Amino acid sequence: MDSYLFPFDNLLCMLLGISFTVWITLLLVFIIVPAIFGLSFGIRRLYMKTLLKIFEWATLRMERGAREKNQHLYKPYSNGIIAKEPASLEQEIQEMRRSGQGGEPEFDMSDIFYFCRRGVESIVDDEVTKRFTAEELESWNLLTRSNYNFNHVSARLTVLWGLGVLIRYGLLLPLRVTLAFTGVGLLVVLTSIIGLLPNGRMKNLLSQKAHLMCYRICVRALTAIITYHDSENKPKNGGICVANHTSPIDVIILASDGCYAMVGQVHGGLMGVIQRSMVKACPHIWFERSEVKDRHLVAKRLSDHVADQTKLPILIFPEGTCINNTSVMMFKKGSFEIGCTVYPVAIKYDPRFGDAFWNSSKFGMVNYLLHMMSSWAIVCSVWYLPPMRREEDEDAVQFANRVKAAIARKGGLVDLLWDGGLKREKVKDVFKEEQQRLYSKVLVGGGSEDRSRS
Amino acid sequence: MGSTASTLSKIPDVETLMQETGFTPAHMVRLYDRFKALDKERKGHLCPQDFGAIKELAENPIGDRIVGAFFSQGQETLDFHSFVRILAHFRPVDKDRPRDPNVPEPINSRSNKLKFAFQLYDQDKDGKISRAELLQVLRAMLEMQVTEEQLESIADRTIQEADLDRDEAISFDEFRKSLEKVNIDHKMSIRFLR
């Protein structure tokens, strides 16, 4: 009996050995070596074009199926349920007055209509809630998580979708996980080794190369297809790079094209290991949890780093939280008070291939990474904007808004006044006071004293 | 979520609701999705805290009164039917409606819109806007921006002009009369898209 098994055993071992070797060789040749040198075979772009054609076909079939059943495809509201009047408070109230008595402005019972209508409009459809749910698509990208038209998926489409699942979870996911581990592992090992060298030009050079290489491997681990625009504006030493924030992947995307000093809180566990080894090779800024509250300390460390011209530019996300990539929310003014050159960067993801937005109230980090690695690809565009400095008569908040507007315009995102922290907190009374102030100006007129808000 | 038909079937009594309010099936589907989006904890009904999560509403000086208008006396929960019925007040007036005295007025008639606005002022629901209630609304809309004396003089002046039967309060008819010339339809309507 035993003799029957031996040959099979050997055969099995041999087969496993061979396939493993082939696998690793392919990985090395097509992915890791190009990553080291920053080259690309163009395979990912070809993949992207093929996928797009398949998605269009899938959507057409769904529309056909829907028309046969005489129903409408549910196109989720990208434009809103209602049409809001763009007129301001003053305009509306003046209009109402004109239709009533003319003459001097004074309170009218009908003034309440404006506030009432605005209030009900916001109950039906408001700007902020829209920004914190994932963006909704017009065509289907064969991922169940973005499909709203289940009834119209025909048999052929189901087969295609099944095939997609097999490919994504059976082929792409293991590949990506392997790459991710390789990338992170290499990062830790290489930076620890480089940390042993004496400080100097050699060390900086080597650390930059090591960082770039590992980030590029991570980029391939996510199958991220990135287009960089205007690279002549890339951030330089002694400056701060600010960008809009959609997900933790933003860091990897930016860091694979240039070297930055990261800012963040010290974490425990795996993240902590990575952080500690990174800081051995080049100076990143990691804060203890207790230090984060002390704004002066934070500002001082940042400005010290920026003043040193040999140190890399700092990478900061001023929104403070992840937004769903359709808009840019209020920038926190801390990083704009430091008084150095700011290099704005706009990042826009293409949602057709995979939604990169991290809804931290819905998904944890591991869940999110799993989603990312089992999507088709992450496609995004990065625009480097020309550097900006704070003008003489601007304060930090105005400067922050100016930068925000530039980023929003370049990336095709909506520029919102709202604070990303509103995701979790309540509205500050400042906003209500603003409304009251506007209304009182209409009522009491410009002649009376202008009570300035502190 | 699915196509229009399947979502509609999830809403109980949707036919009667559509007839009562005049919303189209597409509107009902969108309002249902909005209702579910506001009901973050999936309770199946809304409570005042869910409205508190709407930032633009919190910024509105009379935001809490509007929320109060949704929850009829003492109730702490709002189901989808009541939600839609209140929103129906803000549908634009149907211009070609025949004036049939036997048919009850639709929810979005001029008169009902005025009644809705009236209850925002009349918090104790006694059918009259007293001087104190008027002062409360003025205070909410103006707070720190004007002095107490200015508020009181505005309130006095308003009552003087609108109060026809000299009882120091504004009844619903006096309210309606003082707003005769205002285009209520335009000011108290929301344009619902297709």
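**Close-up views of a predicted two-chain model**

View 1. Residues 177–197 of chain A are 86% helix and 0% strand, and their end C-alpha atoms are 31 Å apart. Residues 20–43 of chain A are 79% helix and 0% strand, with end C-alpha atoms 22 Å apart. Helices (H or I, at least four residues) and strands (E, at least two) are DSSP runs, numbered from the N terminus. An unreviewed UniProt entry annotates residues 20–43, 153–171 and 177–197 of chain A as "transmembrane region". UniProt positions follow the numbering used here, feature names are shortened, and annotations may be inferred rather than shown by experiment. The model is predicted: local features need pLDDT of at least 70, side-chain atom pairs count only at pLDDT 80 or more, and totals for chains, interfaces and linings use all residues. Residues are numbered from 1 along each chain as its sequence is written, chains are lettered from A and ligands numbered from 1 in the order in which they are written, and side-chain values use heavy atoms, with hydrogens and water left out.

**View 2. Helix α12 of chain A and its cover.** Helix α12 spans residues 365–373 of chain A, and A:Tyr368, A:Met372 and A:Met373 are buried in it. Buried means under 20% relative accessible area, exposed over 50%, and partly exposed in between (1.4 Å probe, protein chains only). The buried residues of α12(A) lie within an arc of 130 degrees seen down the axis, so they line one face of the helix. The arc is taken from the directions from the helix axis to the C-beta atoms. The cover of these buried residues includes α6 (155–194), α8 (249–255) and β9 (378–384) of chain A.

**View 3. A:Ile249 in helix α8 of chain A.** A:Ile249 belongs to helix α8 of chain A and is buried, at 4% relative accessible area. Beyond neighbours within four places in sequence, A:Ile249 contacts A:Leu222, A:Tyr349, A:Tyr368 and A:Met372. Contact means heavy atoms within 4.5 Å. The C-alpha atoms of A:Ile249 and A:Met372 are 9.4 Å apart, while the two residues are 123 residues apart in sequence.

**View 4. Cysteines of chain A.** With a disulfide taken as a pair of cysteine sulfur atoms within 2.5 Å, the count over all chains is 0. A:Cys282 is in no disulfide; its nearest cysteine sulfur, that of A:Cys259, is 7.6 Å away. A:Cys282 is buried at 5% relative accessibility, and A:Cys380 is buried at 2%.

**View 5. B:His89 in a loop of chain B.** B:His89 sits in the loop between α7 (80–87) and α8 (110–121) of chain B. Its relative accessible area of 17% counts as buried. Leaving out neighbours within four places in sequence, the contacts of B:His89 are B:Ile107, B:Asn108, B:Asn112, B:Lys113, B:Phe116 and B:Met188.
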